[in-house]
Amino acid sequence: MKGTLRYLAGIAGPNGFGSRSTAEQVTQHCFLPYSHLTAIITGGTSGIGAETTRVLAKRGVRVVMAVRDMKKAEIVKERIVRESPEADIVLLEIDLSSLSSVARFCSQFLSQDLPLNIIMYHGIANHFPIGHPSFHYSSPSTLNAGVLNGFVTEKLMGHARPLSQPVDPIPFQRNNAGIFSPNLEFSEEKIELTFATNFLGHYLLTEMLIEKMIDTAKKSGIEGRVINLTSVIHSWVKPDCFSFPELLHPTKYNGTKAYAQSKLATILHAKALSRRLKDRNANVTINAVHPGIVKTGIIRAHKGLLTDSLFLIASKLLKSVSQGAATTCYVALSNETKRISGKYFADSNETNCSDLANDVSLALKLCTNSHTLIHDYLHLSLPNLSLL
């Protein structure tokens, strides 16, 4: 209950920030040398990805936007440059659902001989409208309200209450960095699309560029940072529902389940890679972030789906886009997160993830299987950082 009240009131955590802190506020007094940093940001054409790009560019970070839609990216870039004329933004094309596209992107980036200090992943995790079957609030506590199987459930008062009318789920959603699909779809490599996009694409990108990050950190003396976007919905996954063959080719598909599994996988990757980076004494960290749910998602779903009273109540609980981008920006740039790795953050503070997400053996097994899978598909020689 204390966590719920803290979230609703926007009470600051131990570091002075909370659910109502914005991306600009959490980066205002950071001590990292912005002008010497280069960051890759996926999902930067909308929502918190675009806001993260704007704030980092405003702080002087060179941003490489890894995007699926180049036209949208050009629009975002133009808007940012109008605000910050000195902004240094590079656009490179990528489709994270395609392993071959990710490999091409990495080769193209490496050919430019740029340093690499930060990788930040963004997706649709924080733009679910109430009509979405996985709608949830952003508190790291038990504050959750969602449309599940067409009904809104409330846990604020410790009970569930269905609406008198079911709420239709939204259709397939996709952007560059993340998807939710109510129907079973497959990537070009014939891998279930949610897992391919939300996890495998990010995993491959990190593995192909991690040596570049380690080298940059060694030469510059500046700690490298990888930020995996996850969601509190990862805690819905049970141990018997996380089998690698089923993740790739599910026999009984459920969109919410697939989405939650992909978000659990991003935390497990952070756990596994963090251990190997520490073993190598590499000056690079990796953490998982749950940014929360922003108001834009619920606004998009308001047409004909919600009563005015429900919309009013829910909109007061959700974050603005800038508040949603705060945690990723904080973990990426704050001096207070130095040498912190393999952790889970929400509302710009370190917090607890599920017991399953802390299972080191499961994390290492996931990364070993992913490493083998990618090698079999692309015949790439990846660094063994995530392996036993």
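In which sense, right-handed or left-handed, does α3 pass α4 in this predicted model?

**View 1. The crossing of helices α3 and α4.** In answer to the opening question, the crossing in which α3 passes α4 is right-handed. The axes of helix α3, which covers residues 47-58, and helix α4, which covers residues 70-83, come within 10 Å and cross at roughly 35°.

**View 2. The residues that make the contact between α3 and α4.** On the α3 side, the contact is made by Ala50, Thr53, Arg54, Ala57 and Lys58, while α4 brings Val76, Arg79, Ile80 and Glu83. Sorted by class, the residues in this contact of α3 with α4 are four nonpolar, one polar and four charged.

**View 3. Strands β1 and β2.** Strand β1, made of residues 38-42, runs parallel to β2, and five bridges join the two strands. Within this pairing, threonine 38 stands opposite arginine 62, which belongs to β2.

**View 4. Strand β2 and its pairing with β3.** Strand β2, which spans residues 62-67, is mostly covered, with five of its six residues buried. With strand β3, residues 89-93, β2 pairs in the parallel sense over five bridges. Alanine 66 has leucine 92, a residue of β3, as its bridge partner.

**View 5. The unit formed by β2, α4 and β3.** Taken together, β2, α4 and β3 make a β-α-β unit that is right-handed. The helix of this unit, α4, is also the one that α3 passes in the right-handed crossing of the opening view.

Terms used:
Residues are numbered from 1 along each chain as its sequence is written. This is a predicted model: local features need pLDDT of at least 70, side-chain atom pairs count only at pLDDT 80 or more; totals for chains, interfaces and linings use all residues. Side-chain values use heavy atoms; hydrogens and water are left out. Axes are lines fitted to C-alpha atoms, for helices over the stretch in contact, and angles run from 0 to 180 degrees between N-to-C directions. Helices (H or I, at least four residues) and strands (E, at least two) are DSSP runs, numbered from the N terminus. A crossing is left-handed if the near helix is turned anticlockwise from the far one by less than a right angle, and right-handed if clockwise. Contact means heavy atoms within 4.5 Å. Ala, Val, Leu, Ile, Met, Phe, Trp, Tyr, Cys and Pro count as nonpolar, Asp, Glu, Lys and Arg as charged, and the others, Gly among them, as polar. Buried means under 20% relative accessible area, exposed over 50%, partly exposed in between (1.4 Å probe, protein chains only). Two strands pair if DSSP finds at least two bridges between them. A crossover is right-handed if, with the strands pointing away from the viewer, the path from the first strand over the helix to the second runs clockwise.
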